[in-house]
Amino acid sequence: KQNQVHQAALHLEQAYRIDANDQSILNAFQRALRRDGRIQEAEEVKRKLAEVLRKRDESTRNELASTRANNEGVQLQKEGDLTGALKKYRAALALNPASVPIRVNLAVALLRLGYWTDGLNTLHDALLRDVSNTKIRAALKDALEQAPAGTAPRWKEEPVDLSARWSQTECYKLFLRALDC
């Protein structure tokens with residue numbers, strides 16, 4: 001039976017190397033290590049498990065707080081308080097920087113307040129995070145057409161290095177530049 005425990009610990013160690021943040025793997029691995037008599041290693045894995053759970057909890061709290069701030073921003077925007085909405089969208093984006101919808105809401109508020117360059121850059125950033133989103137692409141095109149003369153979005157100013165190997169995002173930036181949006 002001890003050999004089975006040892007084999008299980010070895011297999012779980014391999015799984016741990018593949019995904020050191022999987023809660024189920026961490027829990028099973030630390031239990032197998034204890035049964036195999038490797039108490040110190042089990043304690044290290046247990047600390048890692050606690051860290052993973054803490055980060056997930058923090059992420060969940062941030063996501064809920066960002067959703068709440070975004071919803072408050074939407075309400076303020078509906079009430080005509082664009083400055084208040086802008087503050088809420090910025091707070092929401094700080095809590096959840098990967099959120100495309102929050103980024104779009106922030107861009108719209110910036111544009112409506114006349115912060116054209118920041119609004120266009122933020123909308124462009126949203127499009128780069130969701131390249132197949134035709135609504136964002138259309139909104140960016142419309143905003144570019146309405147922008148005052150002399151407005152210079154960041155992505156239109158960046159030089160293009162034709163000698164470098166590019167990531168998918170960089171290729172898409174060049175594609176958008178070629179389309180002039």
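**The aromatic pair in its setting**

Of the contacts in the chain between residues at least 6 apart in sequence, 47% join residues at least 24 apart. The model is predicted. Its chain has nine helices and zero strands. Read from the N terminus, the elements run α-α-α-α-α-α-α-α-α.

Now the rings. The structure holds one aromatic pair. Its members are tyrosine 16 and phenylalanine 29. A pair of this kind is described by the distance of the centres and the angle of the planes. Here the centres lie 5.3 Å apart, and the planes make an angle of 35°. The cut-off for pairing is 6.5 Å between centres, so the 5.3 Å of this pair qualifies. Stacked needs planes under 30 degrees apart and edge-to-face needs over 60, so 35° makes the pair tilted.

Next, the location. Tyrosine 16 belongs to helix H1, residues 2–18, while phenylalanine 29 belongs to helix H2, residues 23–35. The pair therefore ties together parts that are 13 residues apart in sequence.

The cut-off for buried is under 20%.

For the chain as a whole, buried residues make up 32% of the 181 residues. The chain exposes about 11,400 Å². Carbon and sulfur atoms supply 50% of that area.

Key. Residues are numbered from 1 along each chain as its sequence is written. This is a predicted model: local features need pLDDT of at least 70, side-chain atom pairs count only at pLDDT 80 or more; totals for chains, interfaces and linings use all residues. Side-chain values use heavy atoms; hydrogens and water are left out. Rings of Phe, Tyr and Trp (its six-membered ring) pair if their centres lie within 6.5 Å; planes under 30 degrees apart count as stacked, over 60 as edge-to-face and the rest as tilted. Helices (H or I, at least four residues) and strands (E, at least two) are DSSP runs, numbered from the N terminus. Buried means under 20% relative accessible area, exposed over 50%, partly exposed in between (1.4 Å probe, protein chains only). Contact means heavy atoms within 4.5 Å. Accessible areas come from the Shrake-Rupley method with a 1.4 Å probe; for residues, only the protein chains shown count as cover.
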